[in-house]
Amino acid sequence: MNYLIHLLIYFDIYVIVALSLNLVVGYCGLLTLAHAGFYAIGGYSYALLALVWGWGFLPAVLAAVLLAAVLSLTVSLPAWRLKGDFFVLATLAVQALVFSLLYNWSNADAPLGSWSNLTNGPFGIPGIPRPEILGVALTDSRHFVLLATAVAALSAFVVRRLTASPWGRVLVAMREDELAARGLGKNTRLFKVQAIAIASCLTAVAGALYAAYVGYLDPSSASLDESILMLSMVIVGGLGNFRGPIIGALILIALPELLRFLDLPDALAANLRLAIYGLLLVLMMHFRPQGIGGEYRLR
Amino acid sequence: MKIGAFCDTLPHGRVLLRAEGLKQAFGGQIILDGLDLELREGEVVLLRGENGSGKTTLLNILTGNLEPDAGAIHYHAHSTPRSYRFPRPWWRELNPFDHFTPEFVAREGVRRTWQEPRLFGAHTLRDNIAVAAPGHPGENPVLALFAPSRSARRETELGHKADAMLARLSLARRQDSSADKISLGQTKRVAIARAVVAGARILFLDEPLAGLDRQGIGDVLELLAFLVRGQGVTLVIVEHLFNQPHLHGLVTTDWLLKDGAIRRTDRKGRGDDSTRPHSLDPSRVSIRRPAWFGLLAGEDMEVVDELLPRGAMLTRIRRPAASKHLSKPVLEIRELVVSRGPRVVIGLDDRGDRVGFNLALYEGDISVLQAPNGWGKTTLLFALAGLQAISQGLVQLRCHPITSLPAWERAKLGMQFVMSDNHSFKGLRVDENIALAGYNNASPGVRALAGRTFSSLSGGEQRKVTLAAGLNSAVRPVVNILDEPFNAFDHSASLDAVKAIKSSRAPGTLLLVPSAV
């Protein structure tokens with residue numbers, strides 16, 4: 001039972017991530033590699049605020065969201081002028097920057113959370129407290145899953161409503177033909193800033209949930225592998241609609257668990273998992289470039 | 001079609017747009033040289049000029065797509081006029097509300113269309129029109145999230161407006177079909193309608209009739225007439241030479257762009273029968289010839305028409321003597337079926353049965369295949385070129401089957417193609433493009449462009465280069481297949497193109513063009 005709850009919590013977290021990433025990749029048509037960076041920014045913000053300064057869950061998450069919104073400009077400003085491969089490279093730079101900041105902002109002599117040891121570097125932050133909501137401490141996973149599911153549902157509602165709105169319609173128009181959209185008087189720069197900010201905020205929430213659930217955070221949550229896992233979810237599941245990312249999150253959460261039952265030797269299992277991811281992506285790109293449930297294919 | 005008469009009654013009102021001293025040069029070549037112009041409310045302007053005279057450049061500048069080197073533009077369509085002076089000082093760019101870009105110029109009531117319709121393919125037709133509406137509360141994500149009822153009210157209004165517009169375009173029951181599933185003529189009209197819903201007071205149209213068959217041309221003209229008469233939109237139209245006569249009833253003013261400046265002429269006596277374009281005259285419909293046909297056929301040629309399925313027609317032009325020994329087809333197409341996805345594009349008969357498409361091109365023939373939009377001309381060319389899979393049938397070049405050969409083998413055997421889009425190597429220079437085609441004997445018109453990169457050429461110039469490269473790409477050419485070869489050409493370029501086609505060493509030539517009937 002605990003195992004299933006654990007999986008459900010992971011699924012909730014990655015549904016938020018995939019839905020938010022789909023706003024940028026599927027609706028704006030901008031392939032970003034920096035999404036894990038904002039996920040980690042959310043996680044680290046929560047961890048430090050809760051652990052070091054003793055903030056409650058809601059104010060800490062709110063602060064994490066605001067920080068992610070501001071920092072999302074590092075991705076959306078390049079998107080004003082850059083497209084395609086060049087935009088991917090710019091987001092890769094942001095991703096590398098976030099990772100190296102988290103990895104290097106440490107000093108073994110200074111206490112965690114101080115100016116010279118903000119992130120504790122590669123050792124990560126242990127002992128992140130579970131949230132307390134309305135006086136109830138969610139230390140039991142059975143309680144935490146309720147919070148995670150509620151947040152995931154709320155995020156899904158927000159994404160659903162936004163993408164079905166005229167705002168989402170402009171995003172798709174911009175993705176299809178930016179010049180034509182601008183010619184109709186749409187300030188596409190503003191729409192990009194909004195979409196990337198909203199996506200970054202949502203994934204920061206997911207990062208905070210992850211930090212609160214696992215209780216430990218290290219820079220690997222901002223690694224390129226993590227970004228690629230997130231991208232795989234939306235690409236395998238499908239871009240440009242609501243169900244695609246959810247399918248993708250489900251598959252990429254379930255797949256490693258299913259492989260676990262194959263009873264492979266440990267040394268082989270991890271490598272085989274990566275090989276299977278790679279094969280899956282190649283096959284998807286070849287046979288169904290719009291993903292399993294998607295409507296849009298990357299060009 | 002009565003599009004002529006009403007224009008006379010329109011008063012030419014206040015100035016909507018004024019430009020002073022516009023200058024623009026590309027890489028040392030001066031395109032606009034201190035150009036002045038004035039556009040008044042209710043005018044319908046035909047912007048003319050030779051290939052490379054700067055029509056598209058001027059359109060790009062006036063719509064905010066390109067910043068000129070010097071000059072000033074004043075937009076007066078709204079109660080608060082707005083002026084831009086160039087070159088703009090760098091600190092103006094710091095103000096996020098004062099940029100010279102398409103979206104800011106669009107707020108001054110200026111819209112444009114492109115040669116290709118540029119509809120949003122993922123949207124339905126209704127959404128394509130609704131998305132254009134300005135000031136929609138639902139486009140603010142905060143309002144979309146927290147005040148959906150406000151957005152929904154506006155959305156309902158817009159839906160009605162879009163449906164009414166689509167009904168006017170005879171697309172009443174197609175609101176929910178996706179934009180890439182309607183014909184070219186229809187997409188062009190939806191693109192125009194979209195610009196108007198977006199609040200256009202001044203609409204710039206870049207070749208609105210290009211690539212359309214006769215039905216499509218009539219429909220677009222009707223819509224333009226409605227915009228001028230019913231919506232009070234002021235139009236500036238760039239149109240290809242052969243399509244200009246269609247616009248005669250509508251146009252009030254000519255702008256001739258020459259040597260970087262505009263010469264303006266007001267037309268008189270519009271709507272008068274004597275100036276009614278011949279192509280709109282129903283009594284001449286039976287002639288069934290495109291405007292350039294006379295240039296190609298000449299006096300001493302024999303012309304034979306054959307009707308093909310689904311409204312297409314093949315016209316063979318040949319020397320009278322040639323018909324005596326018709327035995328040698330250079331290109332033979334037998335029972336060809338080509339599908340795109342599940343849809344059969346080539347090979348259906350008039351009843352929609354899958355019978356296969358047949359065509360033979362004989363030695364010495366110049367054949368013109370006229371077909372309505374959506375018939376599959378481009379698909380046919382791609383299938384013959386080996387760029388599109390053939391479902392069934394046989395294609396023979398000088399009696400050798402080529403159906404299973406890849407594109408490059410077909411080209412080596414002597415098939416030469418000129419696509420309707422200028423498929424050339426954009427980053428290379430003109431002489432490099434020509435050299436890649438294996439050709440070193442270019443005409444003076446093309447040689448004059450030699451040092452420039454292909455992407456810096458105007459539409460007409462690109463067409464010249466594509467045609468020159470395409471018609472000379474094989475060592476021993478056997479057939480030329482050209483998709484809309486005269487598109488974007490002015491008069492002298494068309495004459496050159498006809499000369500090039502007639503003097504081609506290939507024994508057979510097939511032109512694919514939209515129906516003129």
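**Strands in chain B, helices in chain A**

User: Which order do the strands of the open sheet in chain B follow?

Analyst: This is a predicted model. In it, 6 strands of chain B form an open sheet in the order β11-β12-β16-β21-β20-β19. The pairing is mixed.

User: Which strands stand at the edges?

Analyst: β11 (302-308) and β19 (415-418) of chain B do. Each has a single partner strand, so one side of each has no neighbour in the sheet.

User: And how are neighbouring strands turned against each other?

Analyst: By 15 degrees on average, ignoring direction.

User: In which sense do β20 and β21 of chain B pair?

Analyst: Parallel, over 5 bridges. β20 covers residues 479-483 and β21 covers 508-514. Val479(B) has Gly508(B) as its bridge partner.

User: What do β9(B) and β10(B) form?

Analyst: A hairpin, with 2 residues between the strands. They pair in the antiparallel sense over 6 bridges. Trp255(B) is bridged to Arg264(B) in β10(B). In the turn, Asp259(B) has a positive phi of about 50 degrees.

User: Switching to chain A. How many helices and strands?

Analyst: Chain A has 12 helices and 2 strands.

User: Why call chain A compact?

Analyst: Because its radius of gyration is 19 Å, which agrees with the value near 19 Å for a compact globule of 299 residues. Its C-alpha atoms fill a box of roughly 55 × 45 × 35 Å along the principal axes.

User: How much of chain A is buried?

Analyst: Buried residues make up 56% of its 299 residues. Chain A exposes about 13,100 Å², and carbon and sulfur atoms supply 69% of that.

Methods: Residues are numbered from 1 along each chain as its sequence is written. Chains are lettered from A and ligands numbered from 1 in the order in which they are written. This is a predicted model: local features need pLDDT of at least 70, side-chain atom pairs count only at pLDDT 80 or more; totals for chains, interfaces and linings use all residues. Side-chain values use heavy atoms; hydrogens and water are left out. Two strands pair if DSSP finds at least two bridges between them. Helices (H or I, at least four residues) and strands (E, at least two) are DSSP runs, numbered from the N terminus. Axes are lines fitted to C-alpha atoms, for helices over the stretch in contact, and angles run from 0 to 180 degrees between N-to-C directions. The radius of gyration is taken over C-alpha atoms; the globule rule is 2.2 Å times the number of residues to the power 0.38. Buried means under 20% relative accessible area, exposed over 50%, partly exposed in between (1.4 Å probe, protein chains only). Accessible areas come from the Shrake-Rupley method with a 1.4 Å probe; for residues, only the protein chains shown count as cover.
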